[in-house]
Amino acid sequence: MSNDQERADLLESLAAQRRFLRRTVDGLTDGQARLRPTASELCLGGIVKHVALMEAGWARFALGGAEAMQAVQVDWSSQFCMEEDETLDDFLAIWEGTAGATDELVRTLDLNKIHELPRAPWFPPGATRSVRRAFTHLIAEIAQHAGHADILRESIDGQKTMG
């Protein structure tokens with residue numbers, strides 16, 4: 001596979017998973033986006049907020065490794081919440097800007113570049129990831145959260161994105 005084809009495949013996969021999640025939250029009010037209709041603490045606005053922040057983090061990793069990824073402190077306790085002063089449209093706008101920047105990185109970065117992962121309980125000490133793997137991980141993360149979102153949306157108003 002050519003490098004251009006690989007980049008096109010990554011971009012297509014990112015776009016598809018982003019579309020699923022965006023379609024899932026389409027037409028929701030902020031009140032609906034804050035609802036927690038299942039046993040989970042997840043809400044749709046919080047999922048979009050998390051995906052925007054998570055995508056920005058992996059983009060920083062692709063650019064400069066663990067140090068760049070950790071340059072922005074993440075409040076894990078509020079990352080999946082949608083506070084009263086936050087709006088779904090704000091999260092979607094932030095994510096749109098982040099997605100555009102990520103897509104540019106997919107087009108331009110050396111996919112073979114390897115960075116050490118940050119120290120975190122979910123990464124083995126000294127583990128590394130290539131930029132390519134960071135982008136494929138991002139695709140998987142967005143897909144997983146799109147699936148969560150689909151369940152929440154169906155619980156709120158019966159709409160299904162993927163079913």
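User: Before we start, what do buried, exposed and partly exposed mean here?
Analyst: Buried means under 20% relative accessible area, exposed means over 50%, and partly exposed covers what lies in between. Please keep in mind that this is a predicted model.

User: Thanks! Why is Glu6 called buried?
Analyst: Glu6 has a relative accessible area of 18%. The limit for buried is under 20%, so Glu6 counts as buried.

User: And what makes Arg132 partly exposed?
Analyst: Its relative accessible area is 25%. That value falls between 20% and 50%, so Arg132 is called partly exposed.

User: How do you know that Glu6 forms a salt bridge with Arg132?
Analyst: The closest N and O atoms of Glu6 and Arg132 are 2.4 Å apart. A salt bridge needs a side-chain nitrogen of Lys or Arg within 4 Å of a carboxyl oxygen of Asp or Glu, so this pair qualifies. The two residues sit in distant parts of the chain, 126 residues apart: Glu6 belongs to helix α1 (residues 3–25) and Arg132 to helix α5 (residues 131–157).

User: What makes Arg18 and Glu55 a salt bridge?
Analyst: Here the N to O distance is 2.6 Å. With a cut-off of 4 Å, the pair counts, so we call it a salt bridge. Arg18 lies in helix α1 and Glu55 in helix α3, so the pair ties together parts that are 37 residues apart in sequence. Both Arg18 and Glu55 are buried. Arg18 and Glu55 are also linked with Asp103 in a network of salt bridges.

User: Why is the contact of Glu104 and Arg107 called a salt bridge?
Analyst: Their N to O distance is 3.8 Å. That is within 4 Å, so the name applies. Both residues lie in helix α4, three residues apart, or about one turn of the helix.

User: Are Glu104 and Arg107 buried, exposed or partly exposed, and what are the values?
Analyst: Glu104 has a relative accessible area of 40%, and Arg107 has 45%. Each value lies between 20% and 50%, so both residues are partly exposed.

User: How many salt bridges does the structure hold?
Analyst: There are nine salt bridges, including the one between Glu6 and Arg132.

User: Last one: which residues make the nonpolar surface patch, and what lets Val74 belong to it?
Analyst: Val74, Trp76 and Trp122 make this patch of about 350 Å². Val74 has a relative accessible area of 33%. Patch residues need over 30%, so Val74 passes that test. You can find Val74 in the loop between α3 (44–69) and α4 (88–108).

Definitions and conventions
Residues numbered from 1 in each chain as written. Predicted model: local features only at pLDDT ≥ 70, side-chain atom pairs only at ≥ 80, totals over all residues. Heavy atoms only, no water. Patch = residues over 30% accessible without salt bridge, like charges linked within 9 Å, V, L, I, M, F, W, Y side chains within 5 Å. Areas by Shrake-Rupley, 256 points an atom, 1.4 Å probe, with all protein chains shown as cover. Helix = DSSP H or I, 4+ residues; strand = E, 2+ residues; numbered from the N terminus. Buried < 20%, exposed > 50% of the residue type's maximum accessible area, 1.4 Å probe, protein only.
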